[in-house]
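Work through the exercises below with the model open. Each task is followed by its solution.

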Amino acid sequence: MTDMIELDDEILQDFLAESKENIEQLDEKFVELEQDPTNKELLSSIFRIMHTLKGTSGFFGFTTLQAISHAAEDILAKLRDGVVSADQQIIDMLLKATDYIKAIVASIEKEKKEPEDKVYRDFIKVVREFADNLGKESEKNHEGQDRNENNIPKDKAENTKSAHNKDTQKQDFRKEEKAPVVHLTDTHIKVDIGLLDKLMNLAGELVLSRNRLVQIANSLNDPEIISATQRLSLVTTELQEEIMKTRMQPIGTVFNKFPRIVRDLSRVANKKVKLTIEGADTELDRSIIEAIKDPLTHIVRNSIDHGIEPPEERVKMGKPAVGHLLLRAYHEGGQVIIEIKDDGRGIDIEKVKEKALQKGLISEAEANNLSDREAINLIFKPGFSTAEKVTNISGRGVGMDVVKTNIEKLGGSIDIQTEKGRGTTLTMKIPLTLAIIPALIVSCHGQRYAIPQVNLKELVILNKEEIVKDVQVIGDSKFYRLRNEVIPLFYLEDILELPEQNTKDKMSIIILNSGLLEFGLVVDKILDSEEIVVKPLGKHFQGIPVYAGATLMGDGGIALILDVVGISSVLDIKKGETESIKHEAKDITSKGDEQFFLIFQISEQGEHFAIPLALVARLDKIKSKDIESVAGREVVQYRGYSMPLIRLDQFMPVSPLADKEEYNIIVFNTGGRDVAFLASHIVDSIHAYFELDEELYEFDGVLGSAIIRGHTTLFVDVFKIIEMYNPDWFKRYFSAKLCEILLAEDSVFYRNLISSYLSSFGYSVTTAKNGQDAWNKLQQYDFDLLLTDIVMPEMDGFELSFKVRQDERLKYMPIIAISSEDIKKSSDSGIDEFVPKLKLERLTGAIEKALQKRLKKAA
Amino acid sequence: MFITFYFSNFLFALPVEDVLEIKKSAEITRVPLSPSHVEGIINLRGQIITAIHLAKKLGLKFDEKKNGYYHVIVKTSQEPISILVEEIGDVISIEEKDLEPVPDHLEGIDIQYIKNISKLSNRLLIVLDSESIKK
């Protein structure tokens, strides 16, 4: 209950503040109108003010105020519709009405109720009559101009009478009522935001000058100067803080609008929602508060409309009937974090994908291979709306893409976490103020650059050995292995198109996240972390997306501020070449490092070959003079062992390996040992999946072919080649039992690769091209084990395993899933084991384990 | 009244009221990826100002100056800009009648940034258009 009263009070204060501001304008506007009676725009703006006043006073039950503003509105309507034109009398009446309104508002402010004096009721009558008479006059106007004259005396008489009445009344209330208005405005003054901005900028300057002075004072080492600068330093800091405060407002000014919004929305949507607000006193820069109002409202709308279920549905799911929505704000690391959390149904990732497909935002192939996180982020794409039907509440043409852009414009970021059936949390990270942000200062080509901390994930400095170990160079691209992720690296000097420098012994990498793309930015040096004052760049630089502005450093120098989102958009353009291949080859983007293919050649004019990068252990170079020939086989001393070298042209009909002084070697670690292919050069790495043509090049060692960048590219069957090179390679390490495996996999490439790999271990493999095909084959033949992909057309891996588990004959069959899908899901679908695609070394182990388990079960 | 300055043996002028100040050399921070005639940005008492290389802007042939340029800080309708010049000349006054329209062609110079010319006793004076030069 107390909440409700406070809220009412809050709304009332808002109403009074707004009304006072509007009424102030009225005086001025009426006078203006008198001089320019035909100004339609002016009339409409006055009309709107009066209309709002009428509406809101009605809402609060201020009947006198409502009646007066209603009458005034009627008069204005007639002016607006051109029934009469604004003459002095009308303006007088309107001004008088305004005076009464002022007095009433003052009284409400002071006593929380309307004045009850008779004068007000009298005035209502007068103004009502005046308004109505204006109507009559106009009717007569329609009848004929001549009769006007007859009307005038009557109107005039009335007007004079009422005017006379009011004159005396006005004096009455002016004495008593006008005073409070004056009293209430004098503790606060209105200050132009522009002026505050300027003060803020000057304070920023002062901070920089102070920093400079402190540097000089310290170098002079004069105690008197040092103590004087210390004093200046303190005052400066305090001044800056105070000026910052002038622009700070509690986020509550926005949050407090939500109890009402939530109530109305949930009523319309027939849902029950309890709103909890936390951290309403968290302060933020005024301009930011303004800017987050709309995004916040949109998100709350979405939560109620799509997130929280109707009460019946909630009860059925074992949740309380009343949904819970949490708005929380808090400070963290110089930023304000705003969370909007609901306990609704969560975002249905499959539905999101479906919708994105329908709207043509992604291709079917892409949809199959998106990670959950990537899929959720689709809702931030322009032209996306999750609502199945556009309801009253959401879907008003403002999408989440607008929300995201608005937040990013503020230098903030937005993130979604969702759990099916459990709810969704949206987290916005927003800078405290637009003017001063924490940033990392780096250097490149002797110049300093500032990177906003918001986008920063971590810093990595590699020494020479670590560069060799963890950075892979593939074609023109570099990748860094950070824990289990492969992160593309980009040099700041390349992005800025500066000349390349000599490679150094150390590599400074800044891992950045621009929302969807995570990448490492390589700079010359990482200098310091500093609070910087953002200054705009001139219009000559506005077309350059990589800068967010510039800032002055303590020594008076300038550092350009990098825009991480802008940089990632530039990188997208640079990746454009790869993108176009995606289109021509009907790309299926898969996940993580699995989507990288290594393209290489064994002779300048010869064929292009492709190998999944994930199979590659290392890329290296060797001198041809180091190649030794042992019993007709070539080896090289590598890392203390004799490593066999394979020439692809010995095993397939392709152009011979070029004679070179130095070769690239592609090292695989399989069957417990290293083995390498010789290549004349590495062409590139490509981040895509290709639809393979199996028929064009049908010979052992090739899985299929595809056109990549205008070249026919052969996809090499690494395991087959190794087996052809040494038929005992794998068998030496594994004693494969005769075992019938059914492999369900829709992708030709993976199907052939996995099947070939398993065959090399002596397993007998039957393939099926999707879940349905596998199910049919399971009915016809006996298998010892089912190996299945998860995402497949017609019947997916989950459904297939579910059916197998339901079947009396098949229910004990071991099932291994090969996919990158979430492991959690496999626990209740009957899948025994999960193996990531292309971690094939793990596959044989998993098969052995599953078969043994089955043996035990059978026994 | 006009402020005159030199670049590559050309004599240029801007109206005194368009020039905020003249600064002798300031540290220029280069902005990679910017148009070629933009030399960089400078810090003018806390304000970040774009520095435009006059010779590059006008397509003049020039020798790279070793010991820094003068900055002519010019007021424009939007933000002030700095125009880099080799030498600063005198402040002169030219009568309205002595300002001539720009000829169709001027050897070695892009005429779109020129407002007027004036034939002084010993040489040609080129009056720049401060609004178009800022672009």
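**Exercise 1: a helix pair**

Task: find which residues of helix 3 of chain A meet which residues of helix 4 of chain A, and describe the crossing.

Solution. Step 1: Thr64(A), Leu65(A), Ile68(A), Ser69(A), Ala71(A), Ala72(A) and Ile75(A) of helix 3 of chain A meet Ile90(A), Met93(A), Leu94(A), Ala97(A), Tyr100(A), Ile101(A) and Ile104(A) of helix 4 of chain A; contact means C-beta atoms, placed from the backbone, within 7 Å. This is a predicted model, where local features need pLDDT of at least 70, side-chain atom pairs count only at pLDDT 80 or more, and totals for chains, interfaces and linings use all residues. Residues are numbered from 1 along each chain as its sequence is written, and chains are lettered from A and ligands numbered from 1 in the order in which they are written.

Step 1: the axes of helix 3 (residues 63-80) and helix 4 (residues 88-111) of chain A come within 10 Å and cross at roughly 160°. Helix 3 of chain A is therefore roughly antiparallel to helix 4 of chain A (angles over 145 degrees).

**Exercise 2: one helix, two sides**

Solution. Step 1: Val262(A), Leu265(A) and Ser266(A) are buried (20 or more other C-beta atoms within 10 Å of the residue's own, with C-beta atoms placed from the backbone).

Key:
Buried ≥ 20, exposed ≤ 12 C-beta atoms within 10 Å, placed from the backbone. Helix = DSSP H or I, 4+ residues; strand = E, 2+ residues; numbered from the N terminus. Axes fitted to C-alpha atoms, helices over the stretch in contact; angles between N-to-C directions. Parallel < 35°, antiparallel > 145°, perpendicular 65-115°, else oblique. Contact = placed C-beta atoms within 7 Å.
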